[in-house]
Amino acid sequence: MEDVAGKPAKKKVVAVVGGGLVGALNACYFAKRGFEVEVYESREDIRRAKIVRGRSINLALSHRGRQALKHVGMEEKIISKGIPMNARMIHSLSGKQSPIPYGKAGQYILSVDRANLNKELLTAAETYPNTKLNFDHKLLDWSPESGTMNFVRPDGTETEIKADLIVGCDGAFSAIRKQFLRRSRFNYSQTYIPHGYLELTMPPVRGEFVMKPNYLHIWPRNTFMMIALPNLDKTFTCTLFMPFEEFEKITTGDEVIEFFQKYFPDAIPLITADAIKRDYFRLPAQAMVSVKSSPYHIDDKCVLMGDAAHAVVPFYGQGMNAGFEDCIVFDEIMDQFNEDFSAVLPEYTRVRVPDDHAIADLAMYNYIEMRAHVNSKWFLFRKQIDNLLHFLFPRTIVPLYTMVTFTRTRYHEAVKRWHWQNKVINHGLFLCATGAVLGGSYLLIKNPPNISSISTEELWNRLLAFKTF
């Protein structure tokens, strides 16, 4: 690109604040376009850290995330280090295991390690010569008018830098977003759910998995649940989701074992009693927050992505996937508007806000499905009906989970279609049931049973037996 004098135009500087998953991927996207990219992360370089701080809930990589990785040539490398999960495996109180497939044969989600994925993305970003990673840089403040940012280092020294575009990818408690909160007409909501989570490790036995590895294992117990995802080292990461008041009731090792004996008896020999006691009290239960905001941009200077814009609870496995999809949606809009930030940023807000709000609501709903609905015979029946109708009419009826997990159907459009499909299917089932009752009644009227030979006493006994049943 050249300016009017025929000299090469100076490359615009994009500052990505936050070196987590979405920040590192965004750095790849902007670097690929030729921008000068500066990544600022408040923590040390996790690739060199002895202890990686932060969340450790395993991640479920699905179609949206894979498409975003594919765009920067990272898909194959990441999926080679993931474990396919073809279905949910439901563990009943009795120990019975029942699989519920996620979709059609060949459809699966991938269990991936958060820390390893973050390291791979940072390394990928660093391969671009126009990208610089700056660790141990904590943001103090920034100006949306001038694009200047002030950072402080661990030794107390402060640094001021200026960028043409600031991309806030610094998580649910974003420092970048604080400036948005000072402005009028910025909508923001933050909701903590009353449940927390706690992680335990299920070790391998003789170097092998102790459960079937290609499943997301779920122990649904109506008001709480435990899940387990497989890891490459043949362990399972078990996550117990439960109301905080229930966590607080358990204060001793004996009490936690008694709790597991009552609700997760088949898990005790797999995790081992000693490990349960150790892991349960190692850290307090962690909180989960859902964040919604709008708009995602300030003028042509700053844009929010990932958890900084829309943190979601983890129950649909879409938090990372939605954040990665932010990157590819922004990139598509950059193509559409020829990299004109003044047009790209408002269009990104217009397109993305309804989708991110929709997945935030769906994630809340899916917690109820995972811990309670999967125990319901009606839920399992409807799941079979949905799958059958999808097989018969693949373009007309598409299960919600399939739309969200295995396509890039916009989240809010998937929700609209889901509501429409539910209405159609429920009306159809009602009509079928009504038809069956009317047909049965007609047959009884046309061909009444011969009960004259049945004594009154025998008829009364049959009625009593029916009532008991």
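Biologist: What makes a nonpolar patch on the surface?

Modeller: Patches are built from residues with over 30% relative accessible area and no salt bridge, and nonpolar side chains are joined within 5 Å. In this predicted model, Leu-388, Phe-391, Leu-392 and Phe-393 form such a patch. Together they have about 460 Å² of accessible area.

Biologist: Where does Phe-391 lie, and is Phe-391 buried or exposed?

Modeller: Exposed means over 50% relative accessible area. Phe-391 counts as exposed because its relative accessibility is 67%. Phe-391 is part of helix H13, residues 377-392.

Biologist: Which residues of helix H9 are buried?

Modeller: Buried means under 20%. In H9, residues 273-280, the buried ones are Ala-275, Ile-276, Asp-279 and Tyr-280. Viewed down the axis of H9, these buried residues fall within an arc of 120°, so they line one face of the helix. The face turned away from them carries exposed Asp-274 and Arg-278.

Biologist: What do the buried residues of H9 pack against?

Modeller: Two strands, S13 (187-202) and S16 (236-243), are among the partners. Helices H6 (244-249), H7 (253-263) and H8 (268-271) also pack against them.

Biologist: Where is Asp-233?

Modeller: Asp-233 sits in the loop between strand S15 (225-230) and S16. With 52% relative accessibility, Asp-233 counts as exposed. Its C-alpha atom is 26 Å from that of Arg-64, 169 residues apart along the chain.

Notes
Residues numbered from 1 in each chain as written. Predicted model: local features only at pLDDT ≥ 70, side-chain atom pairs only at ≥ 80, totals over all residues. Heavy atoms only, no water. Buried < 20%, exposed > 50% of the residue type's maximum accessible area, 1.4 Å probe, protein only. Helix = DSSP H or I, 4+ residues; strand = E, 2+ residues; numbered from the N terminus. Arc of directions from axis to C-beta. Contact = heavy atoms within 4.5 Å. Patch = residues over 30% accessible without salt bridge, like charges linked within 9 Å, V, L, I, M, F, W, Y side chains within 5 Å. Areas by Shrake-Rupley, 256 points an atom, 1.4 Å probe, with all protein chains shown as cover. Salt bridge = Lys/Arg side-chain N within 4 Å of Asp/Glu carboxyl O.
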